[in-house]
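Please prepare a short briefing on the protein chain shown below, covering its fold content, overall dimensions, surface and one set of paired strands.

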Amino acid sequence: MSTGLEIPKMPSTLVIKPVLSDDDFEQLCATNADVALERTKEGEIVVNAPAGFRTDDANSEIIAQLRVWWKTHRRGRVCGSSAGFFLPDRSSKSPDAAYITDEQSGGLTNEELDHFLHLAPAFVVELRSKSDALSKALSKMELWLANGVQLGWLVDPYTRAVYIYEAGKDPRKETGEQIAGSGPVEGFVLDLNEVWSSYRV
C-alpha cells in the first residue's frame, strides 16, 4: 500500500570515468550483489530492476527444463541469470538462461569458471518482465546475435509468444504450446504451458 511519499527514480545508467576494466566491473557487480548490473559497449553501467516473483518463478522453470535436457547428454554447461559474460564488443550481459557448448567449455580453467566468461553463449533465453519494453528486449536479442550467439529466444509471457533469433536467419515469432530448439540445443523442447502457469493466480 502506497504511503503517498514521492519515490525518487534511480538512474537507469551510470557513467564511471575512466571506463572500468573487465576485472573492475566484475568487482563492482560483486560489491553490489543486490542489483543486477550490465555494461554497454561504450562502458555505461546499466542498472536493472530486481524481478518480480512471477518473473523469477517462470525463469526458474525455464532453467529447470533446460537443465533436464542437459542431463540427457551432460555436454557443455547451463547457467541462470546470475552469470555474467564479457562479449566481443566489450559489453557485459547476463541472460536469464544460457547454454555453452562442450567446445566452448572444454578449454576453460577452474579460475575462468569462477568469473564472468569472456565469450558469447551458444544459446540464450531472455524472459521479458513487466517493466521491460518489448522494443528494448528485442534490441537486446539483436545484440546477442551480433556478438556471436547462435540461437536466442525472447520469451514474452504478456503476449504468450516467443521471438526466435537464429544466426543467418530473419527473426520469427511463435505462439504454440512448446518451442523446439535447434543448432546448439537440438532436442531441447521448452514446455511453454509450464512457463505460462507461473503467471496464473
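The protein chain has six helices and 13 strands, taken as DSSP runs numbered from the N terminus (helices H or I, at least four residues; strands E, at least two). The model is predicted: local features need pLDDT of at least 70, side-chain atom pairs count only at pLDDT 80 or more, and totals for chains, interfaces and linings use all residues. Residues are numbered from 1 along each chain as its sequence is written, and side-chain values use heavy atoms, without hydrogens and water.

**Dimensions and packing**
- The radius of gyration of the protein chain is 17 Å, which agrees with the value near 17 Å for a compact globule of 201 residues; the radius is taken over C-alpha atoms, and the globule rule is 2.2 Å times the number of residues to the power 0.38.
- The C-alpha trace spans about 45 × 45 × 30 Å along its principal axes.
- Of the 201 residues, 42% are buried (under 20% relative accessible area, 1.4 Å probe, protein chains only).

**Surface**
- Carbon and sulfur atoms hold 51% of an accessible surface of about 11,500 Å², computed by the Shrake-Rupley method with a 1.4 Å probe.

**Strands β1, β2 and β3**
- Strand β3 (residues 45–48) pairs in the antiparallel sense with β1 (residues 13–14) over two bridges; pairing requires at least two DSSP bridges.
- Strand β2 (residues 36–39) also pairs with β3 in the antiparallel sense, over four bridges.
- V46 in β3 stands opposite T13 and is also the bridge partner of E38.
- Five residues separate the strands in the hairpin of β2 and β3, where G43 takes a positive phi near 100°.

Definitions and conventions. Buried means under 20% relative accessible area, exposed over 50%, partly exposed in between (1.4 Å probe, protein chains only).
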